[in-house]
Amino acid sequence: MPQVAVGEKAPDLTLPAADGSTVSLADLRGKHVVVYFYPAAMTPGCTKQACDFRDSLDALAAQGYAVLGVSPDKPEKLQKFVERDGLTFPLLSDPTHATMEAWGAWGEKSLYGKKVVGVIRSTVVVDPEGVVEYARYNVKATGHVAALRKALGI
C-alpha cells in the first residue's frame, strides 16, 4: 500500500468511535490532528502507546493538536479499552481496513520473523488545512509519543 507523504492532502477519514458517535477528519479542520494506527486494543504495546497519548494529551491540546486512534477493533471493544485505561481521546473503528489502506497503515509487515498482512503501526499528523505535515510508519509503541512530541516541538 502507498503511504501518505508530507505535503499531500490527507485522505478522508470518517469512522465510528468507541462512544457510538461518528468522527470525521473534516470536522476537525482548523486543528492539527494526530492520527495514529495501532493493531489491537488492550494488548500490551497498544495499551502503552494509548496511555502515552492520554498522558500527553494536555500538552498536545495546549498546542492545538487533537488525537485520534484507529484500529480494526469493533466499537464495543474500543469502549472497553477507553473505560479500562481512562482514555480521553476518540478511538475509531476500521474493521474493513479501508481507511488504514488509504493512509498506508495496512499491508505486509514482519511479525516475529514472518511476513503477515495487518496494521502497520503508524502516526500521521495533519495540519489545520488537511495537509500531511508528519508521517512515520513501522513505529515502536514504546517511546513513540515522546519522539513525536520532540519532532513537533511540544
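**Ground rules**

I am working with a predicted model, where local features need pLDDT of at least 70, side-chain atom pairs count only at pLDDT 80 or more, and totals for chains, interfaces and linings use all residues. Residues are numbered from 1 along each chain as its sequence is written, and side-chain values use heavy atoms, with hydrogens and water left out.

**Entry 1: salt bridges**

I searched for salt bridges, meaning a side-chain nitrogen of Lys or Arg within 4 Å of a carboxyl oxygen of Asp or Glu. How many salt bridges does this rule give? I count four.

Back at Arg54, I find its side chain in a salt bridge with Asp55, at 2.8 Å from N to O. Asp55 is exposed, because its relative accessibility is 55%.

Next I looked at Lys48, which has a salt bridge to Asp52 with the closest N and O atoms 3.1 Å apart. Both residues sit in helix 1 (residues 44-62), four residues apart, about one turn of the helix. Helices (H or I, at least four residues) and strands (E, at least two) are DSSP runs, numbered from the N terminus. Lys48 is partly exposed at 37%, whereas Asp52 is buried at 17%.

I also noted Asp73 and Lys77, whose closest N and O atoms are 3.5 Å apart in a salt bridge. Asp73 is buried at 9%, and Lys77 is partly exposed at 32%.

**Entry 2: Leu78**

Is Leu78 buried or exposed? Leu78 is buried, at 0% relative accessibility. I find Leu78 in helix 2 (residues 75-85). For contacts I use heavy atoms within 4.5 Å. Leaving out residues up to four places away in sequence, Leu78 touches several residues, including Ala18, Tyr38, Asp73 and Leu91.

**Entry 3: Ser24**

Ser24 belongs to strand 2 (residues 22-24) and is buried, with a relative accessible area of 10%. Its side chain makes a polar contact of 3.1 Å with that of Thr14. A polar contact is a pair of N or O atoms within 3.5 Å; within protein, one must be able to donate a hydrogen and the other to accept it, and residues adjacent in sequence count only if both atoms are side-chain atoms.

**Entry 4: helix 4**

Which residues of helix 4 (residues 144-152) are buried? I list His144, Val145, Leu148 and Leu152. Seen down the axis, these buried residues fall within an arc of 95°, so they line one face of helix 4; the arc is that of the directions from the helix axis to the C-beta atoms. On the face turned away, I see the exposed residues Ala146 and Lys150. The buried residues pack against several elements, among them helix 1 and strand 3 (32-37).

**Entry 5: nonpolar cores**

A nonpolar core is a set of buried Ala, Val, Leu, Ile, Met, Phe, Trp, Tyr and Cys residues joined through side-chain atoms within 4.5 Å. The largest has 25 residues, and Leu13 and Trp103 have the most contacts inside it. Apart from that core lies another, of 23 residues, among them Ala18, Phe53, Leu57 and Leu148.

Methods: Buried < 20%, exposed > 50% of the residue type's maximum accessible area, 1.4 Å probe, protein only.
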